[in-house]
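Here are a few notes for a colleague who is opening this entry without having seen it before. Please read them with the sequence and the model side by side.

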Amino acid sequence: MTVDEFDPNDGGGALLSDAVERREAAAFVHVGPLREPASRYCVAHSGVGVDAGPEFVSNSKPQSRPRLQSPSAPAPSTLVAVAFVRPAESRSAVESTGRWLVRTRAPTDDSSPHPASELATTLAERLGSATVLTPPSIPHDAALYLENAGLALASTTVLERARAKKTPSERQEIAAAQAAASAGIRRAATLLAAATVRGGELVDDDSPLTAERLRTAVDEAIVAAGAFPAGNTVVTLERGHASTTATDGETAFTPDDLIVIEAAPRSPSGHHGGLVRTFVVDSDGGRERRAHVGVCLLYTSLMARGRTFVVDSDGGRERRAHVGVTQSFRSARAMLTAATETVGAVEADLEAEVRAFGFEEADAVTTSVSGVGLEPTEFPRAVGDDIEPGHVVRLESAVRVADEAWLRIADLLAVGEVSERDGDAGEHSESTPTDWLSAPSRSLDPNAVREPNS
């Protein structure tokens with residue numbers, strides 16, 4: 001299949017155009033299977049309609065119903081070769097915009113040329129012996145096709161940086177996946193809130209409530225919300241000095257266990273969410289919940305009066321951990337609202353906020369920050385990567401509350417930006433605020449997170 005498409009105002013086109021111009025290259029080229037996130041991104045932004053399979057569809061196509069079961073191995077995928085060609089020097093309405101070139105080959109087609117070979121021939125005919133930028137991970141055979149056509153290759157990371165800056169539609173897709181994750185977490189909280197204690201174990205519908213039952217319930221809620229669990233749902237039971245995970249699904253929960261639930265569903269378009277919550281089902285009628293509320297109120301009162309928050313050392317480690325984690329998220333949001341910061345700086349701020357609540361052991365706190373989109377974890381993710389306006393990042397803070405037991409919370413934060421647009425009265429700016437995407441309560445009490453009207 002051969003397609004040439006103009007796309008003068010795509011989300012990543014400006015970054016790609018700037019990169020090829022700055023490097024004095026003629027084009028950017030990517031080659032890979034369409035199931036690969038980078039390939040799907042390029043094809044989506046080219047405006048070219050290429051069948052990506054039943055689980056990856058755009059809003060303009062009939063969407064298949066998500067399924068709980070996924071194939072054990074990925075289905076054969078269409079192979080694509082995509083080029084973004086640098087705008088011509090002419091400033092005419094057509095030639096001043098970048099041109100996307102797309103070549104594809106169906107997985108069952110063994111007779112057609114390799115898409116990279118076709119694309120290389122087209123680029124050589126139009127550009128001569130020019131330099132083209134490629135990702136460092138371009139397949140070896142694709143690189144050879146380009147070089148044999150007389151093109152010089154130079155490595156660039158511009159594609160992952162372009163993917164990090166989300167368009168409004170991409171942000172909506174991530175928000176939809178996050179809403180599905182929230183639905184799954186709320187379903188789990190509802191089961192935990194309704195559970196009764198029998199023989200020292202939590203029971204639901206006369207059956208022990210296990211990690212496997214909880215994971216299945218989360219996945220069913222995600223599917224009902226229109227997304228795919230994608231094998232990313234994990235339920236971890238943190239008990240005293242040891243933890244068991246969903247692989248030990250027959251272990252029943254008991255009151256006062258730390259129950260960590262992680263979900264990163266994928267929307268039909270391929271975009272991911274990312275959510276982690278920790279729950280505790282109290283065994284004494286809510287003493288833990290009342291104590292936690294008291295700690296929060298005390299902290300707020302002391303900070304309002306400019307006083308130091310003093311942490312008692314006689315227990316309540318879980319409560320202190322939860323208050324510290326919650327405060328770390330408030331601080332990170334304020335930090336990214338005020339300025340562009342690196343991943344490492346935000347991770348350090350999250351950790352410092354938690355440690356302020358008395359967690360001084362070197363290995364007591366861990367934090368992580370990374371981008372999210374067509375992959376559950378993507379750029380920015382290295383400590384030196386900048387978190388810029390338009391990025392959507394996953395923030396997580398975790399605190400060790402016993403030898404092998406961790407309290408974890410994670411949310412998605414969409415970093416706001418100001419965009420300039422042309423209006424009837426001239427240029428004006430539109431601001432998108434920095435805000436959490438579909439974040440249910442971070443309370444340890446499942447009653448505070450359960451489904452409405454349940």
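1. A term is needed before anything else: contact here means that heavy atoms lie within 4.5 Å. With that in hand, one can say that Thr 342 touches Val 383, Gly 384, Asp 385, Asp 386 and Ile 387, where residues up to four places away in sequence are not counted. Please keep in mind throughout that this is a predicted model.

2. To place Thr 342 in its setting, note that this residue belongs to strand E14, which covers residues 341–342. Its relative accessible area is 25%, and since buried means under 20% and exposed over 50%, Thr 342 is therefore described as partly exposed.

3. On the protein chain as a whole, the assignment gives 10 helices and 21 strands. Of its 454 residues, 49% count as buried, while the accessible surface comes to about 20500 Å², of which 49% belongs to carbon and sulfur atoms. Among contacts between residues at least 6 apart in sequence, 67% join residues that are at least 24 apart.

4. The pair formed by helices H3 and H4 deserves a separate look. Two packed helices are described by the angle between their axes and by the distance between those axes. For helix H3 (residues 115–127) and helix H4 (residues 140–148), the axes come within 8 Å and cross at roughly 25 degrees. Because angles under 35 degrees count as roughly parallel, H3 and H4 are roughly parallel to each other, and their crossing is right-handed.

5. Which residues of H3 and H4 meet? On the side of H3 they are Ala 116, Ser 117, Ala 120 and Leu 123, and on the side of H4 they are Ala 142, Tyr 145 and Leu 146.

6. Is Ala 176 buried, exposed or partly exposed? With a relative accessible area of 39%, Ala 176 is partly exposed. Ala 176 and Pro 268 are 92 residues apart in sequence, and from C-alpha to C-alpha they are 9.7 Å apart in space.

Key:
Residues numbered from 1 in each chain as written. Predicted model: local features only at pLDDT ≥ 70, side-chain atom pairs only at ≥ 80, totals over all residues. Heavy atoms only, no water. Helix = DSSP H or I, 4+ residues; strand = E, 2+ residues; numbered from the N terminus. Buried < 20%, exposed > 50% of the residue type's maximum accessible area, 1.4 Å probe, protein only. Areas by Shrake-Rupley, 256 points an atom, 1.4 Å probe, with all protein chains shown as cover. Axes fitted to C-alpha atoms, helices over the stretch in contact; angles between N-to-C directions. Parallel < 35°, antiparallel > 145°, perpendicular 65-115°, else oblique. Left-handed = near helix turned anticlockwise from the far one by under 90°.
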